[in-house]
Amino acid sequence: MPDAYPFLKGHGTENDFVLLPDHDGTVHGALAPERVRALCDRRAGIGGDGVMRVIRTASYAGPDAGTLADYSGSAEWFMDYRNSDGSLSEMCGNGIRVFVRHLVDAGLVDGTVPVPVATRDGVKALTVAGDLVTADMGAPQVLGSSVVGVGLRSWPARHVDMGNPHAVAFVDSLEDAGSLLDPPAYDGGTYPHGVNVEFVVRRGERHVAMRVHERGSGETRSCGTGACAVMVAAALHDRLVPEGGAPTDDVAYRVDVPGGTLTVTWTADGRVLLTGPAVIVASGTTTL
Ligand SMILES: N[C@@H](CCC[C@H](N)C(=O)O)C(=O)O
């Protein structure tokens, strides 16, 4: 590994990421958890909710490379995503939108046509329209119910899988979840690999607001997969979509997060589309 190597910093609705270009897999080797933690450190590092290595799918040689090899024919680029604690996640909805913003800015893809990107949850298609980037997140899995807790309080939660696990709890006030410095309590039987927990309030018709405690990153200012899980839970609660079914027409919700606003659409053919801003705000070199 060189002494200094390039990085970029970007965010989507203030869910922020360090991007590490390593196109041919020659710069970083295995991305050790302690390096991810150092990069994400907001005082001693660059700061971020996660790290994304920008690597060609065919060049990735990590332990799960066998699965990803199936994707290399359909997606040139792989989003190698890590949470700020160094753990892997299958998917990151804001991250993949920032990832594609970088690919377009750098001239690595043609942003006028859908861009396929490989993730640990399969290949996603991204489209860019001005400031907005839309990720086709595929079909949600609605898996039943659970309970989450903060301190002495607990709430029923809907289990929605967007490639990664979510527990969505409707609350009276976003303040109910308190400071969220510690992870909410959850059922380890339902979520053996941990869970992202969303607290949701209604703001109006097809309009909700949320806070999130992300697995591996703590409370963040936004979570794209979380916004999708919240929208799915809200549309089911509002009976706009039948339990176990898909919408008859496209259904769209505005989802406010502390860092901005996302739009989530559940399409008549059962896919969830996540739309919002995504920007690159800095680039440089780092020795971390
Ligand atoms: N912020 C992301 C989700 C990142 C992964 C998550 N913390 C997990 O461990 O599943 C998003 O925008 O979806």
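User: Which domains is the chain divided into?
Analyst: Domain 1 covers 5-134 + 278-286 and domain 2 covers 141-270; these bounds come from an automatic or database domain assignment. This is a predicted model, where local features need pLDDT of at least 70, side-chain atom pairs count only at pLDDT 80 or more, and totals for chains, interfaces and linings use all residues. Residues are numbered from 1 along each chain as its sequence is written.

User: How far apart are the C-alpha centres of the two domains?
Analyst: They lie 24 Å apart.

User: And how many residues does the contact take from each?
Analyst: Domain 1 gives 18 residues and domain 2 gives 19 residues. Two residues are in contact if their C-beta atoms, placed from the backbone, lie within 7 Å.

User: What supplies the largest share on the side of domain 1?
Analyst: Helix α3 (residues 93-105), with three residues. Helices (H or I, at least four residues) and strands (E, at least two) are DSSP runs, numbered from the N terminus.

User: OK, new topic. Which residues does UniProt list for "active site"?
Analyst: The unreviewed UniProt entry lists C92 and C223. Such positions are given in the numbering used here, feature names are shortened, and annotations may be inferred rather than shown by experiment. The two are spread over 132 residues of sequence, yet they cluster in space, with a largest C-alpha distance of 7.7 Å.

User: Where does C92 lie?
Analyst: In the loop between β4 (77-83) and α3. Leaving out residues up to four places away in sequence, C92 touches G50, Y81, G224 and T225.

User: Is C92 buried or exposed?
Analyst: C92 is buried, because 31 other C-beta atoms lie within 10 Å. The cut-offs are 20 or more other C-beta atoms within 10 Å of its own for buried, 12 or fewer for exposed, and partly exposed in between, with C-beta atoms placed from the backbone.

User: What about C223, buried or exposed?
Analyst: C223 counts as buried, with 36 C-beta neighbours inside 10 Å. C223 lies in the loop between β13 (218-220) and α4 (224-237). Its contacts, again not counting residues up to four places away in sequence, are N15, N94, N196, V212 and E214.

User: Switching to strands: how do β5 and β6 pair?
Analyst: Strand β5 (residues 115-119) and strand β6 (residues 122-129) pair in the antiparallel sense over five bridges. Pairing requires that DSSP finds at least two bridges between two strands. V115 stands opposite L126 in β6, and a hairpin through two residues joins β5 to β6.

User: What does β6 form with β7?
Analyst: A hairpin with two residues between them, and G130 in the turn has a positive phi of about 60°.
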